[in-house]
Amino acid sequence: MFSKQQLFAVPEAQNSLEACRGSNQSPLLVVYRKEENMASSLELLKKILSAIGFDIEKEVLLLEVTNSQPYSFTALRTNAAFRKVLILGVDAQQLGLHFDYQPYQLLQHADYTFLFGDALSSIGEKRERKAALWNALKQLFPPKST
């Protein structure tokens, strides 16, 4: 007897935490698509993360992905401390995640909060995308009251 549930292929787990750089003790994982002009895109990412209080070199776990390589979010989360995930320019399915999402809207799933957005180069080119990302990041990381 066949089930009516949809089946999904699970990407190989080999490319989990080893593919990341940065701190795996970070509360934040940033997944971004590799682009032609990565230097300027990474500089933009560094400024964005700095504005919400993160040092990209010390406090963030980063995963750069290509369009063709699948990754396993399940394998990635196994030995990492993050609970918030910023995904820029990468489809959820490429990470083995199979749920619907709206760009720049927070999505809670299990113990994780996801925020999907456009590729870094696209965010850098369009002011409204920068504003949408900034507003969503303020929800993801509300300012600490003094």
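Which strands does helix 4 (residues 127-140) lie across, and at what angle does it run to strand 6? Helix 4 lies across strand 4, strand 5 and strand 6, and runs at about 175° to strand 6, where axes are lines fitted to C-alpha atoms, for helices over the stretch in contact, and angles run from 0 to 180 degrees between N-to-C directions. This is a predicted model, in which local features need pLDDT of at least 70 and side-chain atom pairs count only at pLDDT 80 or more, while totals for chains, interfaces and linings use all residues. Residues are numbered from 1 along each chain as its sequence is written, and side-chain values use heavy atoms, with hydrogens and water left out.

The chain has four helices and six strands, which are DSSP runs numbered from the N terminus (helices: H or I, at least four residues; strands: E, at least two). Along the sequence they follow the pattern β-β-α-β-α-β-β-β-α-α.

The six strands make an open sheet of mixed pairing in the order 1-3-2-4-6-5, two strands being paired if DSSP finds at least two bridges between them. Strand 1 (21-22) and strand 5 (106-109) stand at the edges with a single partner strand each, so one side of each is left without a neighbour in the sheet. Helix 1 (residues 38-51) packs on this sheet, touching strand 1, strand 2 (28-33), strand 3 (61-65) and strand 4 (84-88), and its direction makes about 155° with that of strand 2; contact here means heavy atoms within 4.5 Å.

Among contacts between residues at least 6 apart in sequence, 71% join residues at least 24 apart. Of the 146 residues of the chain, 42% count as buried, that is, under 20% relative accessible area, computed with a 1.4 Å probe on protein chains only.

Terms used
Buried means under 20% relative accessible area, exposed over 50%, partly exposed in between (1.4 Å probe, protein chains only).
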